[in-house]
Amino acid sequence: MAATAIFPLETVLFPHTPLALRVFEERYLKMLGACLEAESPSFGVVLIERGSEVGGGDTRFRTGTMARIVEVAARENDNELLVVGQERIEIGAWWDDEPYPTAEVHPVADLTWDSALAPLRDEAEKHVRRVLTRAAVTTGSRWDPGIEISDDPLESSWQLAAIAPLGPIDQLELLRATSLAGLLARLIDLTLEAEEILTATSGGGDDEPGLTA
């Protein structure tokens, strides 16, 4: 099995969701160059458990998402990327971190949509948008509360998980969901818990592009 390039980050990438990245470390510039030589440029994204994105020596969770590169803007000292999450992956074994992290990865089965889940998905969207609106006012949010999401119910379920104002560990729990019903139910629970925490906070927010591209 060929080694897959992995980009450990302090954020969770969800399927069907865009993520903007700035690549400036030499090792990841090399990784980007190697990925761009492929017919369908992509790399894996996993959440850092301990450590930081810069400098190496981090400990990583094993569940992640493949990131398809859709835009690259080369600058003098770095590159700006736009990637979109694809299938979920599980790290089988870490291989080499020289010159950049690589691993053996295995695809995780995608979740499946059932029309009976439509009321639960709609309820999840109602809570996520309400709490996201509150987060934008109280603590700040990287997503706009009125952000457009996909018309596809499965894609939009993942996107709702991505825009909910949750921490990375909660997001990782959602990424590990084994059923769409479980994902949506847990998303509602975590969002309501976040709403309670937001009650005593204050701050501002900003905007992000839509998710339908």
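This is a predicted model: local features need pLDDT of at least 70, side-chain atom pairs count only at pLDDT 80 or more; totals for chains, interfaces and linings use all residues.

Phe14 is buried, with a relative accessible area of 1%; here buried means under 20% relative accessible area, exposed means over 50%, and partly exposed lies in between, with a 1.4 Å probe and protein chains only. Residues are numbered from 1 along each chain as its sequence is written, and side-chain values use heavy atoms, with hydrogens and water left out.

Let me place that residue in its chain. There are 5 helices and 6 strands, taken as DSSP runs (H or I of at least four residues for helices, E of at least two for strands) and numbered from the N terminus. In order from the N terminus, the elements are β-β-α-β-β-β-β-α-α-α-α. Of the 213 residues in the chain, 46% are buried. Contact means heavy atoms within 4.5 Å; among contacts between residues at least 6 apart in sequence, 69% join residues at least 24 apart.

What is the partner of Phe14 in a tilted ring pair? The partner is Trp158: the ring centres are 6.1 Å apart and the planes stand at 35°, so the pair is tilted. The rule is that rings of Phe, Tyr and Trp (its six-membered ring) pair if their centres lie within 6.5 Å, with planes under 30 degrees apart counted as stacked, over 60 as edge-to-face and the rest as tilted. Phe14 sits in the loop between β1 and β2 and Trp158 in helix α3, 144 residues apart, so to speak of this pair is to speak of a link between distant parts of the chain. Trp158 counts as buried, at 0% relative accessibility.

The rule gives 3 aromatic pairs. In one of them, Phe7 and Tyr28 have ring centres 4.3 Å apart and planes at 20°, so this pair is stacked. Phe7 belongs to strand β1 (residues 4–9) and Tyr28 to helix α1 (residues 26–36), 21 residues apart. Both Phe7 and Tyr28 are buried. Ring pairs also join Phe7, Tyr28 and Phe43 into a cluster.

I turn now to the nonpolar cores. In soluble globular proteins, nonpolar side chains tend to be buried together. A nonpolar core here is a set of buried Ala, Val, Leu, Ile, Met, Phe, Trp, Tyr and Cys residues joined through side-chain atoms within 4.5 Å. The largest core has 31 residues, and Phe14, Leu174, Leu183 and Leu187 touch the most other members. Helices α2 (118–138), α3 (153–163), α4 (168–175) and α5 (180–198) each supply at least two residues of this core, and the largest share, 7 residues, comes from α5. Apart from this core lies another, of 18 residues, including Ala5, Leu9, Phe43 and Leu81.

Leu187, leaving aside neighbours within four places in sequence, contacts Ala124, Val128, Leu160, Ala161, Ala164, Leu166 and Leu174. Leu192, in helix α5, counts as partly exposed, at 30% relative accessibility. With neighbours within four places again set aside, Leu192 is in contact with His127 and Arg130.

Finally, the spaces. On a 1 Å grid over the protein atoms alone, a cavity is a set of points where a 1.4 Å probe fits but cannot get out, and a pocket is an open set with protein on both sides within 12 Å along at least five of seven lines; lining residues have an atom within 4 Å of a point. Grid points are joined across faces, edges and corners, and a volume is the space filled by probe spheres set on the points.

The largest pocket holds about 270 Å³. Its lining has 21 residues, of which Arg142, Trp143, Ala162, Leu166 and Gln171 are the closest to the centre. There is 1 cavity of 30 Å³ or more. Among the residues lining the largest cavity are Thr11, Val45, Thr63 and Leu172.
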